[in-house]
Amino acid sequence: MIEDYGQSGDNMADRRQLFVEMRAQDLDSIRLSTYRTACKLRFVQKKCNLHLVDIWNVIEAFRENGINTMDLNADLSVARLEVVLSTIFYQLNKRMPTTHQITVEHSISLLLNFLLAAYDPEGHGKISVFVVKMALATMCGGKILDKLRYIFSQISDSTGIMAYPQFDQFLREVLKLPMAVFEGPSFGYTEQASRTCFAQQKKVSLNTFLDTLMSDPPPQCLVWLPLMHRLANVENVFHPVECSYCHTESMMGFRYRCQQCHNYQLCQDCFWRGHASGSHSNQHQMKEYTSWKSPAKKLSHALSKSLSCASSREPLHPMFPEMPEKPLNLAHIVLLESSNHQDEEHSLIARYAARLAADAAAQQQRVPTDLPCSLDANKQQRQLIAELESKNREILQEIQRLRLQHEEASQPPPDRGQQNPTLLAELRLLRQRKDELEQRMSTLQESRRELMVQLEQLMMLLKTQGPGSPRSSPSHTISRPIPTPIHSDSAGTTPTHTPQDSLMGVGGDVQEAFKLCVIPNLRNDLLIAADSITNTMSSLVKELNSELKLEELMKHRQEPDKTCMVRPGWKKKEAYCVF
């Protein structure tokens, strides 16, 4: 009795120590009950070192202690529960490096006292197997997907469908964890809790169960469970952003950004406790961030998301088969009847072969009953394959037809004028004549430029002579008008070779200079040369224009939808086309 009293006193002391340390974290100042509950349970999880244990380690400990074969409604004593916890933490120390060893006895004591405070407040000294499995599966670390799959295996029947009474019992037991950290008013058990989780589904499979509990948001009574895992995932996430309230240069964990205030961001401590500054209010909508991305990464992510044809959102979990996996058939395993292991090897082989032969014979007897179903399935599959192949051939033929049609449409129409050799010969002669005229035009232009240079030099020479010179007396001047350039209507169509600009740049200066000139022979020669060049250029331009008109006429004759006519009163090589 004295030992039991001393042990219970130690348990109470450890329990009080756990809750005193939790109150020292000032978690009650968090204004949102969901974050407050998740933070308190996360504190208990880390304090008991359960965050280092995943669900697979817990299942292994259950198997080692025979808990997996026990009835779910059976009771476990405190001593046997302590043995299970010892197995979990001693195996954890074997996996941990020597520099990260934990104090096993302290972890066992803290976790045992917490479970007793949550599930045995009256001190009966026993807890059911179902409660131990649900509590450890909920409080251990690891992925939430694996934990929910294990929980579903405990509350479903043999056909893979969830049993509603078992789920109601699960809610009843798992909601005692928030009550143990004094959050019962927010997340206490009610009879309507199980109905609100699956209101419209009659049969709940594993995929439906995972979709409901891992959705955003999850059921209201279990909203703290996924949040506790998110807290564990973002504890070491660094955000190089300054908090707008406490003005810390960086923040760890969650980051919150206001959707109304420009560039207003809060760290998780300031947001959880309702701090605000400036024009920001706690009523504003805030967005939660679990990571930080640079502006370049944000831009690339936005571009890839906008350019992607399909949705890049991944499913919450992989799809599992509706029927549960069948356990392994170990009936053919031969067990040794004697413990001294002296049976000969050939006798064991013979017994094993006989067992396999018996199984094969029994399977052959069952084959004829299943044969029609398998044949029908194979026939349906072959028909489906044949239909798909025919559709594939039709699609390929349509693609080939469209490709040929596109190639025919993209090819240029054949030129009917190329089939007439007479027209082609005339067109080649016209082009050759045009080239010759262009060469002659370039030669005349070069002569014109040389003549203008000579005129400018002569003008400069005449201007250098003074007015008092005996050669510049008015009595010796001869007034002869300088001939103006000849304007031609046909020359207006060639702006690069008009004769109007032959002497326009220096005409006035040359005329003024020649009025004072006393050398009539040189002046007359130059003026005659200028007139001849101008007349030659005019005639050349007329001939070039007539050749161009004739070439256009030949082009019109090549077109099949046009009729060219020549009127008797028109000049040669002039015609009109009637469309």
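Glu-183 is buried, with a relative accessibility of 4% (buried means under 20% relative accessible area, exposed over 50% and partly exposed in between, with a 1.4 Å probe and protein chains only). Its salt-bridge partner is Arg-36, at an N to O distance of 2.8 Å (a salt bridge is a side-chain nitrogen of Lys or Arg within 4 Å of a carboxyl oxygen of Asp or Glu). Because Glu-183 lies in the loop between helices H9 (176-180) and H10 (184-187) and Arg-36 in helix H2 (residues 33-47), the pair ties together parts 147 residues apart in sequence. Helices (H or I, at least four residues) and strands (E, at least two) are DSSP runs numbered from the N terminus. Arg-36 is also buried, at 13%. The model is predicted: local features need pLDDT of at least 70 and side-chain atom pairs pLDDT 80 or more, while totals for chains, interfaces and linings use all residues. Residues are numbered from 1 along each chain as its sequence is written, and side-chain values use heavy atoms, without hydrogens and water.

The whole structure contains 14 salt bridges. In one of them, Glu-235 and Lys-46 have their closest N and O atoms 3.5 Å apart. Glu-235 is partly exposed at 29% relative accessibility, as is Lys-46 at 36%. Within helix H16 (residues 345-410), Arg-401 and Glu-398 are three residues apart, about one helical turn, and form a salt bridge of 2.4 Å, N to O.

An open sheet of three antiparallel strands has the order E6-E5-E7 (strands pair if DSSP finds at least two bridges between them). Strands E6 (265-267) and E7 (286-289) are at the edges, each with a single partner strand, so one side of each lacks a neighbour in the sheet.
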